[in-house]
Amino acid sequence: MNEQSFVDRRERDWKRLTELTNKASGKRLESLTGEELREFVTLYRRTSTDLSLARTKSRNTLLAEHLNNIALRAYGVLYRAPRKPFWASLRSAAVASAQTVRARAIFVLIAATIFFGSSFLVYGTYSTIPEAKDAIVGAESSQLFEQWKKADFEVRTGSESMMMGAMYASNNPKVAIIVGAVGAATLGTASIYLLFQNGAMIGALASEMSSVGKLPFLISSIAPHGVPELSGAIIAGAAGLLLGWAVVNPGRRRRGDALKAVSHDVMVLILTSVVLMFIAAPIEGFFSFNPRFPQELKAGVALVSLVAWGAFWIGFGRPAPDPTPTTGP
């Protein structure tokens, strides 16, 4: 093949295809006119043929690489998946989240059992063995517990509430990611420890509040944001447990392949936990600890939230039942 003659004859088409690709890049194909779209498809096919010729009848690797880049960019524009509207994309993400939580329900259940199990264990231990307090709770937490026992929140300004909400939004999602991500490196043990530790702190605080008759105040104060926040912590823990289980029990696969097999579900679980933490942050910053709202209202909001989230996890994204009636033999 005479390369120079080949380039001279075809270079004009390659440049034109590049121009049309640049015009449509980052946009929909609708940015091209009908005539330009037909020209685009024709030039893409010709360039693909030229690429095949360059690879088979020429040793000029630079030419083949150049044509490959042109054809690859055009391919990306031509076969790009259509963009979904924002609300359709949001619904697809919500469906994926609910379906993945249901598919990995055993790990979510184990994570919830560890979290709430440690809460009840420490609550009971506090009640029967008060001396265990020093071993479970440090001095810093003891001071925090004393503040809680006053059952009186300080009134915050709007800017202070916004600052606290921003702090929760920056810190809590990071914790969720850590809880989920350390599962593979520690075979799930770090996720178990973090779930147990956080559950134990809730149990210890509940025991302290119960001792002064303020347990209902504690529950109604943390429940509004606690429904999404604790759900996020448990789902993050489930992601860590799933990673750890893939390493411990890969089945007939290599451990690397086992991790790849669960990686999609793990990412969905971790992202779900992060979103839940973001949802909880403004509730915690503006509502849960705001003394302007009565505790009865906070309890009502928490109950509605619990029912709504329960319905979401149980039923959202399930396929519609087949309306075709079944007939007997």
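Colleague: How many residues apart are Glu19 and Arg16 in helix 1, and what does that spacing tell me?

Modeller: This is a predicted model. Glu19 and Arg16 are 3 residues apart in helix 1, so about one helical turn separates them.

Colleague: What joins the side chains of Glu19 and Arg16?

Modeller: The general idea comes first. Side chains of opposite charge can pair when their charged atoms come close. Here, Glu19 and Arg16 form a salt bridge, at 3.2 Å from N to O.

Colleague: How many salt bridges does the structure hold?

Modeller: There are 10. One of them joins the side chains of Asp13 and Arg46, at 3.6 Å from N to O. Asp13 lies in helix 1 and Arg46 in helix 2, so this pair ties together parts that are 33 residues apart in sequence. Asp13 is buried because its relative accessibility is 17%. Arg46, at 43%, counts as partly exposed.

Colleague: Which residues are linked with Asp13 and Arg46 in a network of salt bridges?

Modeller: Arg10 and Asp50.

Colleague: What about Asp257 and Arg254?

Modeller: Their side chains meet in a salt bridge of 3.3 Å, N to O. Asp257 is partly exposed, with a relative accessible area of 29%. Arg254 is exposed, at 64%.

Colleague: Which side chain does Glu36 join in a polar contact?

Modeller: The side chain of Lys23, at 2.9 Å. Glu36 is found in helix 2. Its relative accessible area is 16%, so Glu36 is buried. Leaving out residues up to four places away in sequence, Glu36 touches Arg16, Leu20, Lys23 and Ser31.

Colleague: How do I read two packed helices?

Modeller: Use the angle between their axes and the distance between the axes. Take helix 4 and helix 12. They pack at about 80 degrees, with axes 7 Å apart. An angle of 65 to 115 degrees counts as roughly perpendicular, so helix 4 and helix 12 are roughly perpendicular to each other.

Colleague: Which residues meet there?

Modeller: From helix 4, they include Ala94, Ser97 and Val101. From helix 12, they include Phe312 and Trp313. By class, this contact has 6 nonpolar, 2 polar and 1 charged residues.

Colleague: Is Ser97 buried or exposed?

Modeller: Buried, because its relative accessibility is 9%. Beyond its neighbours within four places in sequence, Ser97 is in contact with Val268, Thr272 and Trp313.

How values were computed. Residues numbered from 1 in each chain as written. Predicted model: local features only at pLDDT ≥ 70, side-chain atom pairs only at ≥ 80, totals over all residues. Heavy atoms only, no water. Axes fitted to C-alpha atoms, helices over the stretch in contact; angles between N-to-C directions. Helix = DSSP H or I, 4+ residues; strand = E, 2+ residues; numbered from the N terminus. Parallel < 35°, antiparallel > 145°, perpendicular 65-115°, else oblique. Contact = heavy atoms within 4.5 Å. Nonpolar A, V, L, I, M, F, W, Y, C, P; charged D, E, K, R; others polar. Buried < 20%, exposed > 50% of the residue type's maximum accessible area, 1.4 Å probe, protein only. Polar contact = N/O pair within 3.5 Å; in protein donor to acceptor, adjacent residues only side chain to side chain. Salt bridge = Lys/Arg side-chain N within 4 Å of Asp/Glu carboxyl O.
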